[in-house]
Amino acid sequence: MRILVFILAMMFLPSLAAAQETGGVPSPSITKGKGEQCVADTDYMRRYHMKELSHQRDETMHEGVRTKQFSLKECIACHATTDDSGQPVPINAPGEFCASCHEYTAVKVDCFQCHATKPEQKKQAQASALFPMTALAEPEVSQ
Amino acid sequence: MTALFTILFYAATAILAVGLAFKVVQYARTPAPLKIPTTPAPVTTGGVVLRMAREVILFESLFKSNKWIWLFGYMFHGALLLAMMRHLRYFTHPVWEWVALVQPFGMYAGFAMLAGLGALWFRRIFVQRIRYISGPSDHLMLILLLGITGSGLAMTYVARTDIVALKQFMLGLIRFDWQPMPSDPILMAHLGMVIALMIIFPFSKLLHAPGLFFSPTRNQVDNAREKRHLAPWAAKLEAGGE
């Protein structure tokens, strides 16, 4: 018993010093969305966003019910960021909203084999008229 | 809750590590006075290494003695390995490449564990001969493992937890920079049972894991005729000392 107490003490003592030195625990960078609030409670979204997205997919694809609350397109519209030149960054690029947590926990995302990773852009309409190929390269798949 | 689990995790880790080290030393020091490899046995050291490898990887002896126990035992242990590899993602940052690769398969390993454990428990309850020799700890161990598996599956398929926060909590434990634990009841049950398992490990039949390597009938070379087997303490006796 005394040995145990000793070992525990040995484990905790250096930790107090270490806690101040280390720059903290590595964490994903979660970028804030553009809107005020997510479509559901954050705690809920962290746990169940994947269920809601596949549920939404089933309803849309199999039953033709198109609702907005858990639409992937809206997720991307709100959570995508833009780079320095104002161009949207793919939401599954390293460090972006989807990728940062999914890499952190080694969970694959299979949304983007079909779906677009950038928000639909109204302003880009003229640009894509000039460069039609870029418009083709980024098919905008609607939900 | 976070504080309680933090302390429990450190205590359980210490008990597991120290207890296991103590047991391994004890096993290593236990005399094996006689040459008793189960024949046919390998006659070279290399052969023994191969035999132990087959024992560890394929559960050879169990296969030879009972096909049903082997089937369900192997199913459980294989799935357990896969599930544990999948759990490494909570303890490593960045997640190792091969862990990310096996991660999706581990999701189904839980069902194989459940099936294997269920069958082994069924055997303890309904096979009269086995029921007779089963002590309370045999049943409780299976119940504990079933509980861990069940709660793990429940978190994957029913009531999910915040695994990002969970990984932060785990990395915090390792780096001594404590982070809050998500307070989902199933997660607490899962981790609580894992802590119990870690604490029980060095005092229970779960020691068959390290113990396997110290089985004289499996780890001895069959060379009694070529080389006389003399335990150190016996050599001392023979030399006239006490």
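In chain B, helix α7 (residues 136-157) and helix α9 (residues 185-200) pack at an angle of about 150°, their axes 9 Å apart. Axes here are lines fitted to C-alpha atoms, for helices over the stretch in contact, and angles run from 0 to 180 degrees between N-to-C directions. The helices themselves are DSSP runs (H or I, at least four residues; strands are E, at least two), numbered from the N terminus. The crossing of α7(B) and α9(B) is left-handed, a label given if the near helix is turned anticlockwise from the far one by less than a right angle.

On the α7(B) side, the contact residues include B:M141, B:L144, B:L145 and B:I148; on the α9(B) side, B:I186, B:L187, B:H190 and B:M193 are among them. Contact means heavy atoms within 4.5 Å. By class, 13 of the residues in this contact are nonpolar, four are polar and none is charged.

A quick note on the model: it is predicted, so local features need pLDDT of at least 70 and side-chain atom pairs count only at pLDDT 80 or more, while totals for chains, interfaces and linings use all residues. Residues are numbered from 1 along each chain as its sequence is written, chains are lettered from A and ligands numbered from 1 in the order in which they are written, and side-chain values use heavy atoms, with hydrogens and water left out.

Zooming out, chain B holds twelve helices and zero strands. Its C-alpha trace spans about 65 × 40 × 40 Å along the principal axes.

Now for the interface. Chain B puts 31 residues in contact with 24 residues of chain A. The two chains bury about 2,400 Å² between them, 69% of it on carbon and sulfur atoms; buried area is the accessible area (1.4 Å probe) that two parts lose on being put together, summed over both. In chain B, B:R160, B:V164 and B:F176 lose the most area to chain A, together 23% of what that side buries.

There are eight residue pairs in polar contact between the chains (both at pLDDT 80 or more). A polar contact is a pair of N or O atoms within 3.5 Å; within protein, one must be able to donate a hydrogen and the other to accept it, and residues adjacent in sequence count only if both atoms are side-chain atoms. On the side of chain B that touches chain A, α8(B) gives the largest share, seven residues. That side divides into 17 nonpolar, seven polar and seven charged residues.

The structure has ten salt bridges over all chains, each a side-chain nitrogen of Lys or Arg within 4 Å of a carboxyl oxygen of Asp or Glu. The rule finds one across the interface of chain B and chain A. Here are two of the ten:

| Salt bridge | N to O distance |
|---|---|
| B:D184 and A:R47 | 2.8 Å |
| B:E55 and B:R218 | 3.5 Å |

B:E55 sits in α2 (residues 45-58) and B:R218 in α11 (residues 216-219) of chain B, so this pair ties together parts that are 163 residues apart in sequence.

A cis peptide bond joins B:T39 and B:P40, with omega about -5°, and B:P40 is in the loop between α1 and α2 of chain B. Another cis peptide bond, also with omega about -5°, joins B:H93 and B:P94. B:F59 has a positive phi of about 55° although it is not a glycine.

How values were computed:
Ala, Val, Leu, Ile, Met, Phe, Trp, Tyr, Cys and Pro count as nonpolar, Asp, Glu, Lys and Arg as charged, and the others, Gly among them, as polar.
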